[in-house]
Amino acid sequence: MKGFLVISLLGVIAMLAEVFKFKRILMPVIVLGILAAYALNYMEWTHPFSIPYFDNMISFDKIALAFTGVILITAFFWFILAHSSYEKDPHMVDHYALVLFAITGAIMLTAFTNMTTLFIGIEIMSIPLYVLAASKKENIQSNEAGFKYLIMGSFASAFLLFGIALIYGATGSFDLKEIHTYISTNAGNIPSFFYAGVVMMLIAMCFKISAAPFHFWAPDVYQGAPTIITALMSTVVKTAAFAAFMRLFMISFAGVSDVWSHILVVAVALSLVISNLTAAVQSNVKRVLAYSSISHAAFMLMVILANVRSNLSVNAILFYSLAYSIGSITAFGVLNSVTKYGKESFDEFNGLGKRNPLLAVCMTIAMLSLAGIPITAGFFAKYFVFTAMMTTSYKWLLILAVLTSAVGVYYYFKVIIAMYFKPAENHEAVKVEIASTLVIVITALLTVAIGLVPGYVAEMFTF
Amino acid sequence: MINGISINYYILLSAILFIIGSIGVMARRNSIIIFMCIELMLNAVNLLLVSFSTLHNDARGQVFVFFIMAVAAAEVAVGLAILSMIYRNVKSIDTHLLNNLKN
């Protein structure tokens, strides 16, 4: 809770920076603030006391704290990475304030215990992101991305709200625990519109995490938005949306899993096939990463499917989101530096192995991790998902996942091949700021480190 | 039963409004009309929440409606800002002109 308050306060401080003229020191303030939030979060983790706040609407239990930790680590790296892009921007302050508010919403999504806070959290997270996606004012692509994101986001929110209203009608409550009790005490006597509500909420959440067949907005938005904002969308937002998804469906609707698990199976299978096959024919790297994020969403959904009633899967989702977020930060960091002036095609990476050997190595590690090749974090993330899936009756899904991952290796390796085996058109090294390089190297090292001691990290997340 | 009318009719009415709204979002080309259709969807939800709130004799549903109204206003404010930016760039608000993002 304290971390949550610190982050929201930081957002307000960032807005004041313009007025009180401390723009120059804003960046260190934010970074230190995030570190402080992380420390406070960690203290709550070691001395757990799960007091519900705001009339039982938010409760920072251990799961919420763990997800908040992942979000804060990613946010920390993101801010250092983003500073080079925003340093000379006259609207730097506004960007940072919006991002901090989005992170506030993201943290709220990890800890909600009431439908009200779920809705408010999603909107606090999404509305700043609509603005950020459209923040290149003169660029029509960026405008279009923001517009599409807004329309799709509010469309999904409307579905979410209709679902919430129907569930409220059946149960007479917005509280997750009360809904859970209602399901277990009234089994066999639940009105049909309750199930309609659950399905509508499922559709809305699938929109938010961009699972097929509700994924069509994601590639466009990822491509049009400024690269650094795309990095935020595919890490912090994804983690938060999954935390929300998990809390909603594994705590509240676990009792009616027969209804939604069948729909979820279809969504997972479609996401795996569509994302990997479409990504293989894309030429824009940002679009490829968007499709890759859809396929990673499918993997995380598999965990929710695998173990609807146990804490085992919480562990796997946390590990996956950590591995995926860190890998994505590296990948987007390199992408942001490489495509600063040019287009976003694979050709931009040609000869990067000779031009910027360090960046190329880090990008290779990130790609290997996203593809799930051993001794990287991504491999063990997928491994934990597969172990969770082995206990279920959905073994065919496992085979599908392995097959589509093999397709996935193809498009991740396209980047690596371009970096090492294709001649560069211009032999100039890409200029990268020291801070960005540090973040890229550290996140790449973390990816390897987590891959070397996966058991240690997984044990940290035991509840 | 609210005032002698079965709750099912309330659900039916809001569902119809919601479906009209969602068809509008998918089928119309004018961005302003799309925003109106989203508002229609949200107001269908508000209607449903208020009627359930009366049915359960519980004020929480109506409080939720306030949240939805506030958020919808924020969303439309952002939406219209983005829209005016688009208009400045392409001199139109037809969604069919927004096809610059492709492979």
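Q: What should I know about numbering and confidence before I start?
A: Residues count from 1 along each chain as its sequence is written, while chains are lettered from A and ligands numbered from 1 in the order in which they are written. The model is predicted: local features need pLDDT of at least 70, side-chain atom pairs count only at pLDDT 80 or more, and totals for chains, interfaces and linings use all residues.

Q: Which scores does the model carry, and what is the mean pLDDT of chain B?
A: pLDDT is the predictor's confidence in each residue, from 0 to 100. Where pLDDT is low, the predicted coordinates should not be read in detail. Chain B has a mean pLDDT of 91, with 99% of its residues at 70 or more. The model has ipTM 0.95 and pTM 0.93.

Q: How do I read burial, and where does Ala241(A) fall?
A: Count C-beta atoms, placed from the backbone: a residue is buried if 20 or more others lie within 10 Å of its own, exposed if 12 or fewer, and partly exposed in between. Ala241(A) is buried because it has 24 C-beta neighbours inside 10 Å. Ala241(A) sits in helix H10 of chain A. Helices here are DSSP runs (H or I, at least four residues), numbered from the N terminus.

Q: Which residues does Ala241(A) contact beyond its neighbours within four places in sequence?
A: Contact means that two C-beta atoms, placed from the backbone, lie within 7 Å. Ala241(A) contacts Leu109(A), Lys208(A) and Ile209(A). Ala241(A) and Met205(A) are 36 residues apart in sequence, with 7.7 Å between their C-alpha atoms.

Q: Which residues touch the most other members of the largest nonpolar core?
A: In soluble globular proteins, nonpolar side chains tend to be buried together. A nonpolar core here is a set of buried Ala, Val, Leu, Ile, Met, Phe, Trp, Tyr and Cys residues joined through C-beta atoms within 7 Å. The largest one holds 219 residues, and Leu301(A), Met302(A), Tyr320(A) and Val45(B) touch the most other members. Helix H6 (residues 140-171) of chain A gives the largest share of this core, 19 residues. Outside four places in sequence, Met302(A) contacts Val268(A), Val385(A), Met389(A), Leu397(A) and Ala401(A).

Q: How many residues of H9(A) are buried, and which helices do they pack against?
A: Seven of the eight residues of H9(A) are buried. Among them are Asp220(A), Tyr222(A) and Gln223(A). The buried residues pack against H5, H6, helix H10 (227-252) and helix H12 (285-306) of chain A.

Q: At what angle do H6(A) and H9(A) pack?
A: Two packed helices are described by the angle between their axes and the distance between the axes. Axes are lines fitted to C-alpha atoms, for helices over the stretch in contact, and angles run from 0 to 180 degrees between N-to-C directions. H6(A) and H9(A) pack at about 145°, with axes 8 Å apart. The H6(A) side of the contact includes Ala145(A), Tyr149(A) and Met152(A), while the H9(A) side includes Trp217(A) and Val221(A). The residues of this contact divide into five nonpolar, three polar and three charged.

Q: Which backbone details stand out at Pro213(A), Ile375(A) and Asn57(B)?
A: Most residues other than glycine have a negative phi, and most peptide bonds are trans. A cis peptide bond joins Ala212(A) and Pro213(A), with omega about 0°. Pro213(A) lies in the loop between helix H8 (192-208) and H9 of chain A. Ile375(A) is not a glycine, yet has a positive phi of about 55°. Ile375(A) is partly exposed because it has 14 C-beta neighbours inside 10 Å. Asn57(B) also is not a glycine and has a positive phi of about 55°. Asn57(B) lies in the loop between helix H2 (31-56) and helix H3 (60-90) of chain B. Asn57(B) is exposed, as 7 C-beta neighbours lie inside 10 Å.

Technical notes
Helix = DSSP H or I, 4+ residues; strand = E, 2+ residues; numbered from the N terminus. Nonpolar A, V, L, I, M, F, W, Y, C, P; charged D, E, K, R; others polar.
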